[in-house]
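The following questions and answers concern a predicted model. Please study the sequence and the structure before reading on.

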Amino acid sequence: MEVKTSLLDNMIGVGDMVLLEPLSEDSFLENLKKRFDHNEIYTYIGSVVISMNPYRSLPIYSPEKVEEYRNRNFYELSPHIYALADEAYRSLRDQDKDQCILITGESGSGKTEASKLVMSYVAAVCGKGQEVNKVKEQLLQSNPVLEAFGNAKTVRNDNSSRFGKYMDIEFDFKGDPLGGVISNYLLEKSRVVKQPRGERNFHIFYQLLSGASDDTLKKLKLDRDFSKYNYLSLDSAVVNGLDDATSFRTVKNAMQIVGFMEDEIRSVLELVAAVLKLGNIEFKPESRCNDTDESRVRDKNDLKEMCELLGIEQTVLERAFSYRTVEAKLEKVSTTLNVAQAYYARDALAKNLYSRLFSWLVTRINESIKAQTKSRHKVMGVLDIYGFEIFEKADNSFEQFIINYCNEKLQQIFIELTLREEQEEYIREGIEWTNIEYFNNAVICDLIENNQNGIMAMLDEECLRPGTVTDETFLDKLNTVCAEHQHFESRLSKNSKFLNDHSLPHSCFRIQHYAGKVLYCVEGFVDKNNDLLYRDLSQAMFKATHSLMKELFPEGNPSKVNLKRPPTAGSQFKSSVGTLMKNLQTKNPNYIRCIKPNDKKAAHIFTASLVCHQVRYLGLMENVRVRRAGYAFRQPYGPCLERYKMLCKRTWPHWRGPAREGVEVLMADLQVPTEEFSYGRSKIFIRNPRTLFFLEERRRQCLQDLATLIQKIYRGWKCRTHFLLLKKSQVVVAAWYRRYAQQKKYQRIKSATTVVQSYARGWQARKLLRELKHQKRCEEAVTTIAAYWHGTQARRELRKLKEEARRKHAVAVIWACWQGLKVRREYRKFFRANAGKKIYNFTIQRIMQKYFLGVKSGLPSMSPVDKNWPARPYRFLDAAHAQLRSIFHLWRCKKYRSQFSQERKAVYQEKLEASELFKDKKSLYPSSVSQPFKGDYLEISKNPKYQKLNSCVEEKVLLADVVNKINRANGKGASRILLLTKKNVVLADQKTGQVKASVALPDLISVSVSTQNDGFFALKLKEGSASAVKGDFLLSSEHLIETITKLHHIGSTASDDGEQLDINISDEFLVQFKQDKVCVKFIQAAPKNGNSASCKRKNNRLLEVSVPAATA
């Protein structure tokens, strides 16, 4: 993104109205329109920012824009509200000057959005951190809360602020926000009970009905239908672009962020609901015996629901709407209220209830966002207040009167501070000060606020006067006192020149403000200034049990009755404006003047008459004239010389001396008349904008010439560089080509040489091959001849051997036949005697064959625990049958064992060893048979909790389990981790993993256990060993059988003399504790704490272990 280096660069129209030439109202409006049409909505008047409402979103508020304007000079970039916010923030942070930003303009001109932009910019550029971000979030989230309760839809603006707001943001010495304080001015509370056509009540009423849950509305006794509430206008209940339901959720979230508790939010919503219910209360007349009418509540349902919300007795509030009590010093007079007075009392109560609730909200927000530290703070104030208001005809009333009074005071302080700032700069720079002629509106302020004969003083005096007081008597008094004032006009005054002025009605008066003449209608002045709330209603509100009512209506306390009349609305506002003016005078002011381009709330429309009207009553032309009365433009010497140094040969391109001398040389060379400028200590002051535009035009022409020169030099340099590059490239290309040609030539020679070599080597190889083949054929011929000869010899020998073998075989056959003949002759003699035995043997042989085949087909499974076996068919086979079954089982077991791994064999060996040690000796043993021996129950090598303990043990851990170490003093157990390695038994603390004891296995002489169903065992140590200093160990484990078995197996291996570890199984055994021997006795008893065994100390020499009896 291109960054502009000056306000004057690429300027659309004139960015600073001080430089506008010629200066007239038409040229002023034309410049605003030109910039508005190009989306340039910000324009300067010196340090004042004019802001046009674009009625649409523009891409000029992004985080990139914030960074662009951060820490930049005010006039360095194009006009923007960020430039003013940055200037104010840097002056506060770096120069320790308190700042205030005054935002004015009529409704719909964008004042609220401008204040949000200023606060968001300051929040973006100040420091970061958890606490700082929390403060920034609370400051920013206070806006949605105040907007919901203080803003409303009007014909001019869908989100119009109906109150004035001044926020002091407090910073520490680093520029980080610490908190803030909000002041509110003149909430338009009359809107609560009546809204002009086309306008709405305050946003919160519609947001509550649209966004609250059904359960919440039920608790508040409300309905979503707007038409059921008299205080809500129906013609503008729904506004395009406003989502009341979403806004309600946003407001609740903002209240929580600011610091409201849930019960406080509920209390606030109850009061809002009570105001809606109050508007539905209607009255009817009821005649009395003295021919007077008394008001009565028509339908008591809404009154009942309101009283339930506020916690008021229904009869108390009903009486307050029917009677009024007037107290004198020693008297009380009670009078009845007619229907009109009852409606007046109802509306007065609604206005006061809502107004005081709004003030309480501001106070509550201040408690949350106030700075916590008491050290000195830097302060930046942001004032968002109504602009000057002039309605059509005679629609201007008391509200417009005091609003315009406030604007008169702001204009007065603006003129004073602007002239003071100009004068201070002239004195600081050593420039001669000349008096500036301007309109001083102090005379108008005096007309309004003078304590003796000012309009507000007359109004207060009339309100306090006994007797009949009306708006007409107030106007008569003004006509008498103010008739001769040059800025006051009335047809009934003594000044005869207004007698025939038909534009001035009889019930009105006109004041000539700095922004123009305004016609005020006196109707309602007295009532609105009195702002009376009957004491009966105040006391009724004070009696309410609602948590906020006593705080909102303190004057209703019967024990603190104050007969003094409360201050009027006008006097309160005058006092608060005076306080505001004193506050602003202590700060460095920054101004934002907001302008509404059209009444249609539409983009791209510029209504010249409307803008001209606002320019007049904002006093912008007067502002420009004040700024131009002295010098129209000023700039430090350094930036001035840097911008215009190309206009003089002596200063271009570099000036070596001081910047002021360079500027003097530059101005002398340009022959600028000396009366057109002055030299200050650090700045040059230019009197007329024409001189500045002359310098800018010369600079533009010079920049064009310089651009042409730069282009010429650049093009020459580019051509030379291109030629040198071509030349260098040609040399490189030639070198590469020669290299390539030589490489190709070498490759051809190399290829030819290779071919010749291959042919020569081939001839030599073929010659050698022929010789080798001849030699091989010769050798093969010799071998073949020898083989044939040897074969002939072998065949001859074989024929001889075969002939000899046939002769021998023939002899054997003849001999065998002779012997067989002899045997058969002998056998015939004995055949009949041996026939029975032969048949028997043959039968037995067939039975055995059938039996073995049956056993083969009926063999059981290969599982060693399978006890099935085929039945024997004959009793004489019992021994063979049993022997075969035993052989098959042994063979099956051998096959089963051959499938075991070494680890599994070790497990079964341990189980076998446990059986040898404990079977029929320990009651606990049968329950352990089905449980596999796991060993590492804690997974100590994987568990990060025991990483430190695992690193302390050098050998492999064979057993890791949690045991209880029994204390001899009380018999109670303490959890320990037991680790068993090939050399040691280690006990460690279960929580910390710290090693408590380590016993070498050679020092362990025996282990004692009971015969019963418990997990206690004693490790007896060799006397005199290092491990036996504290005596033996009495422990309890849930895996006793596995622990003792592993100890017995490893202890036998680790023993020096090969002796096995002694396992003592007895219900009484002795344990050595330090110097004393204690008997541990096991008894059976009824279970107490579950089914576990418990140990109890009986005396110094006896520990008794109660073991629950085993259940059948």
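Q: Which residues touch the most other members of the largest nonpolar core?
A: The largest nonpolar core of this predicted model holds 211 residues. Helix α12, residues 339-369, gives the most to this core, with 15 residues. The residues that touch the most other members are F28, F149 and L317.

Q: With which residues is F149 in contact, leaving aside its neighbours within four places in sequence?
A: Contact here requires heavy atoms within 4.5 Å. Once the neighbours within four places in sequence are left aside, the partners of F149 are F202, I204, V268, V272, Y354, L357, F358 and L361.

Q: Why is helix α3 described as largely enclosed by the rest of the structure?
A: Helix α3 covers residues 81-95 and reaches 21 Å from its first C-alpha to its last, close to the 21 Å expected. Its buried residues include I81, Y82, L84 and L92. A residue is buried when its relative accessible area is under 20%. Helix α3 is largely enclosed because the buried residues number 11 of the 15.

Q: What is the radius of gyration of the protein chain?
A: The protein chain has 30 helices and 31 strands. For 1112 residues the globule rule gives 32 Å, and the chain's value is well over this, so the chain is more spread out than a compact globule. Its C-alpha atoms fill a box of roughly 190 × 115 × 70 Å along the principal axes. The radius of gyration is 57 Å.

Technical notes:
Residues are numbered from 1 along each chain as its sequence is written. This is a predicted model: local features need pLDDT of at least 70, side-chain atom pairs count only at pLDDT 80 or more; totals for chains, interfaces and linings use all residues. Side-chain values use heavy atoms; hydrogens and water are left out. A nonpolar core is a set of buried Ala, Val, Leu, Ile, Met, Phe, Trp, Tyr and Cys residues joined through side-chain atoms within 4.5 Å. Buried means under 20% relative accessible area, exposed over 50%, partly exposed in between (1.4 Å probe, protein chains only). Helices (H or I, at least four residues) and strands (E, at least two) are DSSP runs, numbered from the N terminus. The expected span of a helix is 1.5 Å times one less than its number of residues. The radius of gyration is taken over C-alpha atoms; the globule rule is 2.2 Å times the number of residues to the power 0.38.
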